[in-house]
Amino acid sequence: DYTVVVDPIIDSIVTSLPNNQMCAGGNITLTAYMNNGMANADVVYTWTRNGSVIVNATLAEITESLTTPGTYTFTVVASHSTNNSFGCQSAPATVTIEVVEVQSITFNPSTISITMDGGGTDLKPQFFPAHAITGRNVIYTSLNPKIATVDSYGHVTPVSVGVCSIW
(Lines give C-alpha, C1' and ligand atoms only; values in the text may rest on other atoms or scores of the structure.)
Protein backbone atom coordinates (compact mmCIF):
# COMPACT_ATOMS: atom_id res chain seq x y z
CA ASP A 1 0.00 0.00 0.00
CA TYR A 2 1.42 3.38 -1.01
CA THR A 3 0.05 6.83 -0.48
CA VAL A 4 0.76 9.30 -3.24
CA VAL A 5 0.43 12.98 -2.40
CA VAL A 6 0.71 15.61 -5.12
CA ASP A 7 2.23 18.90 -4.03
CA PRO A 8 -0.14 21.86 -4.31
CA ILE A 9 1.21 24.52 -6.65
CA ILE A 10 0.06 28.13 -6.57
CA ASP A 11 0.68 29.80 -9.91
CA SER A 12 -0.16 33.35 -8.86
CA ILE A 13 -2.07 35.76 -6.69
CA VAL A 14 -4.56 37.87 -8.63
CA THR A 15 -5.81 41.14 -7.14
CA SER A 16 -8.93 43.20 -7.70
CA LEU A 17 -6.75 46.26 -8.45
CA PRO A 18 -5.23 47.60 -11.64
CA ASN A 19 -1.47 48.11 -11.17
CA ASN A 20 -1.76 46.81 -7.57
CA GLN A 21 -2.21 50.36 -6.27
CA MET A 22 -5.07 51.73 -4.22
CA CYS A 23 -6.25 54.50 -1.92
CA ALA A 24 -5.95 54.18 1.84
CA GLY A 25 -9.18 52.91 3.37
CA GLY A 26 -10.15 50.80 0.38
CA ASN A 27 -10.69 47.07 0.13
CA ILE A 28 -8.65 44.61 -1.89
CA THR A 29 -9.59 41.09 -2.90
CA LEU A 30 -6.72 38.62 -3.33
CA THR A 31 -7.21 35.25 -5.02
CA ALA A 32 -4.70 32.39 -5.08
CA TYR A 33 -4.76 30.45 -8.34
CA MET A 34 -3.63 26.84 -8.23
CA ASN A 35 -1.83 25.08 -11.09
CA ASN A 36 -5.15 23.54 -12.20
CA GLY A 37 -6.86 26.95 -12.24
CA MET A 38 -9.13 26.37 -9.25
CA ALA A 39 -9.09 25.95 -5.50
CA ASN A 40 -8.68 22.52 -3.98
CA ALA A 41 -10.90 21.46 -1.06
CA ASP A 42 -8.02 19.53 0.57
CA VAL A 43 -5.73 22.55 0.68
CA VAL A 44 -5.12 24.97 3.54
CA TYR A 45 -4.00 28.46 2.52
CA THR A 46 -1.79 30.45 4.86
CA TRP A 47 -2.10 34.14 4.01
CA THR A 48 0.37 36.65 5.43
CA ARG A 49 0.60 40.43 5.25
CA ASN A 50 4.09 41.88 5.71
CA GLY A 51 5.23 38.60 7.30
CA SER A 52 2.38 38.22 9.83
CA VAL A 53 -0.25 35.51 9.39
CA ILE A 54 -3.68 37.01 8.76
CA VAL A 55 -5.62 33.81 8.04
CA ASN A 56 -4.89 30.11 7.91
CA ALA A 57 -7.89 28.36 6.36
CA THR A 58 -9.35 26.80 3.24
CA LEU A 59 -9.84 30.26 1.71
CA ALA A 60 -8.34 30.68 -1.75
CA GLU A 61 -9.74 34.23 -1.75
CA ILE A 62 -9.57 36.89 0.94
CA THR A 63 -10.64 40.53 1.19
CA GLU A 64 -8.56 42.96 3.21
CA SER A 65 -9.15 46.59 4.17
CA LEU A 66 -5.98 48.70 4.04
CA THR A 67 -6.38 51.94 5.98
CA THR A 68 -2.81 53.23 6.24
CA PRO A 69 -0.65 54.42 3.32
CA GLY A 70 2.39 52.25 2.67
CA THR A 71 3.59 49.12 0.92
CA TYR A 72 1.96 45.81 1.80
CA THR A 73 3.35 42.43 0.75
CA PHE A 74 0.85 39.58 0.73
CA THR A 75 2.04 36.00 0.54
CA VAL A 76 0.11 32.75 0.33
CA VAL A 77 1.35 29.21 0.82
CA ALA A 78 -0.79 26.14 0.20
CA SER A 79 -0.44 22.84 2.02
CA HIS A 80 -2.50 19.66 2.16
CA SER A 81 -4.97 19.80 5.03
CA THR A 82 -5.10 16.03 5.56
CA ASN A 83 -1.52 15.10 4.77
CA ASN A 84 0.64 17.82 6.31
CA SER A 85 2.82 15.09 7.78
CA PHE A 86 4.16 14.49 4.26
CA GLY A 87 5.51 18.05 4.15
CA CYS A 88 3.70 18.92 0.95
CA GLN A 89 3.68 22.67 0.67
CA SER A 90 3.69 25.04 -2.25
CA ALA A 91 6.31 27.64 -2.90
CA PRO A 92 5.01 31.00 -1.69
CA ALA A 93 3.23 33.29 -4.13
CA THR A 94 3.68 37.00 -3.40
CA VAL A 95 2.11 40.27 -4.49
CA THR A 96 2.96 43.80 -3.33
CA ILE A 97 0.28 46.49 -3.00
CA GLU A 98 1.01 50.22 -2.77
CA VAL A 99 -1.51 52.19 -0.68
CA VAL A 100 -1.59 55.97 -1.15
CA GLU A 101 -3.63 58.95 0.01
CA VAL A 102 -5.60 61.11 -2.39
CA GLN A 103 -3.58 64.34 -2.61
CA SER A 104 -6.06 66.36 -4.64
CA ILE A 105 -9.34 66.18 -6.54
CA THR A 106 -10.15 68.55 -9.38
CA PHE A 107 -13.03 68.90 -11.80
CA ASN A 108 -12.61 70.00 -15.38
CA PRO A 109 -14.44 72.23 -15.95
CA SER A 110 -14.66 73.51 -12.38
CA THR A 111 -17.95 75.34 -13.08
CA ILE A 112 -20.89 74.02 -15.09
CA SER A 113 -24.18 75.51 -16.23
CA ILE A 114 -27.19 73.29 -16.82
CA THR A 115 -30.70 74.09 -17.92
CA MET A 116 -33.88 72.89 -16.27
CA ASP A 117 -34.88 70.95 -19.39
CA GLY A 118 -31.41 69.57 -20.12
CA GLY A 119 -31.58 66.46 -17.93
CA GLY A 120 -28.43 67.29 -15.97
CA THR A 121 -24.78 66.44 -16.46
CA ASP A 122 -22.13 64.06 -15.14
CA LEU A 123 -19.23 65.30 -13.02
CA LYS A 124 -15.82 63.97 -14.01
CA PRO A 125 -13.41 64.16 -11.09
CA GLN A 126 -9.68 63.83 -11.66
CA PHE A 127 -7.65 62.40 -8.79
CA PHE A 128 -3.98 62.87 -8.02
CA PRO A 129 -2.29 60.51 -8.01
CA ALA A 130 -4.52 58.99 -10.67
CA HIS A 131 -4.63 55.51 -9.09
CA ALA A 132 -5.39 56.83 -5.59
CA ILE A 133 -9.14 56.32 -5.95
CA THR A 134 -8.91 52.64 -6.94
CA GLY A 135 -10.82 50.52 -4.47
CA ARG A 136 -12.77 53.45 -3.01
CA ASN A 137 -16.21 54.91 -3.50
CA VAL A 138 -16.65 58.57 -4.33
CA ILE A 139 -19.31 60.28 -2.24
CA TYR A 140 -20.93 63.37 -3.78
CA THR A 141 -22.98 65.89 -1.81
CA SER A 142 -25.12 68.79 -2.98
CA LEU A 143 -24.80 71.78 -0.65
CA ASN A 144 -28.26 72.95 -1.75
CA PRO A 145 -30.48 70.07 -2.90
CA LYS A 146 -33.33 72.54 -3.49
CA ILE A 147 -31.27 73.83 -6.46
CA ALA A 148 -29.54 70.63 -7.68
CA THR A 149 -29.16 67.03 -6.57
CA VAL A 150 -26.28 64.66 -7.25
CA ASP A 151 -26.42 60.86 -7.26
CA SER A 152 -23.75 58.36 -6.24
CA TYR A 153 -22.39 58.32 -9.81
CA GLY A 154 -21.84 62.10 -9.94
CA HIS A 155 -24.88 62.86 -12.10
CA VAL A 156 -26.16 66.37 -11.30
CA THR A 157 -29.87 67.02 -11.84
CA PRO A 158 -31.34 70.55 -11.70
CA VAL A 159 -34.27 71.05 -9.31
CA SER A 160 -34.82 74.80 -9.54
CA VAL A 161 -33.06 77.93 -10.81
CA GLY A 162 -30.09 79.05 -8.70
CA VAL A 163 -26.45 78.40 -7.82
CA CYS A 164 -25.30 75.30 -5.98
CA SER A 165 -21.96 73.77 -4.99
CA ILE A 166 -21.36 70.03 -5.24
CA TRP A 167 -18.74 68.36 -3.08
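How many nonpolar, polar and charged residues does the lining of the largest pocket have? Before I answer, please note that this is a predicted model. By class, that lining has 14 nonpolar, ten polar and two charged residues.

Let me stay with this pocket for a moment. It holds about 600 Å³ of space, and 26 residues line it. Nearest its centre lie Ile112, Ser113, Val156, Cys164 and Ile166. Three strands each supply at least two residues of the lining: S9 (104-107), S10 (121-122) and S13 (155-158).

In soluble globular proteins, nonpolar side chains tend to be buried together. Here, the largest nonpolar core has 23 residues, and those with the most contacts inside it are Ile10, Leu30, Tyr45, Trp47, Leu66, Val76 and Ile97. At least two residues of this core come from each of S1, S3 (26-34), S4 (43-49), S6 (61-66), S7 (70-80) and S8 (93-100). Another core, of five residues, lies apart from it; Leu123, Tyr140, Ala148 and Val156 are among them.

Consider Leu66 in particular. Leaving aside residues up to four places away in sequence, Leu66 touches Met22, Cys23, Ala24, Gly25, Gly26, Ile28, Arg49, Tyr72, Phe74, Ile97 and Val99.

Is Thr15 buried or exposed? Thr15 has a relative accessible area of 17%, and because buried means under 20%, Thr15 counts as buried. Its contacts, again not counting residues up to four places away in sequence, are Asn20, Ile28, Thr29, Leu30, Val95 and Ile97.

Note on methods. Residues numbered from 1 in each chain as written. Predicted model: local features only at pLDDT ≥ 70, side-chain atom pairs only at ≥ 80, totals over all residues. Heavy atoms only, no water. 1 Å grid on protein atoms, 1.4 Å probe; cavity = no way out; pocket = protein on both sides within 12 Å on 5 of 7 lines; lining within 4 Å. Points joined across faces, edges and corners; volume = space filled by probe spheres on them. Helix = DSSP H or I, 4+ residues; strand = E, 2+ residues; numbered from the N terminus. Nonpolar A, V, L, I, M, F, W, Y, C, P; charged D, E, K, R; others polar. Buried < 20%, exposed > 50% of the residue type's maximum accessible area, 1.4 Å probe, protein only. Contact = heavy atoms within 4.5 Å. Core = buried A, V, L, I, M, F, W, Y, C linked by side-chain atoms within 4.5 Å.
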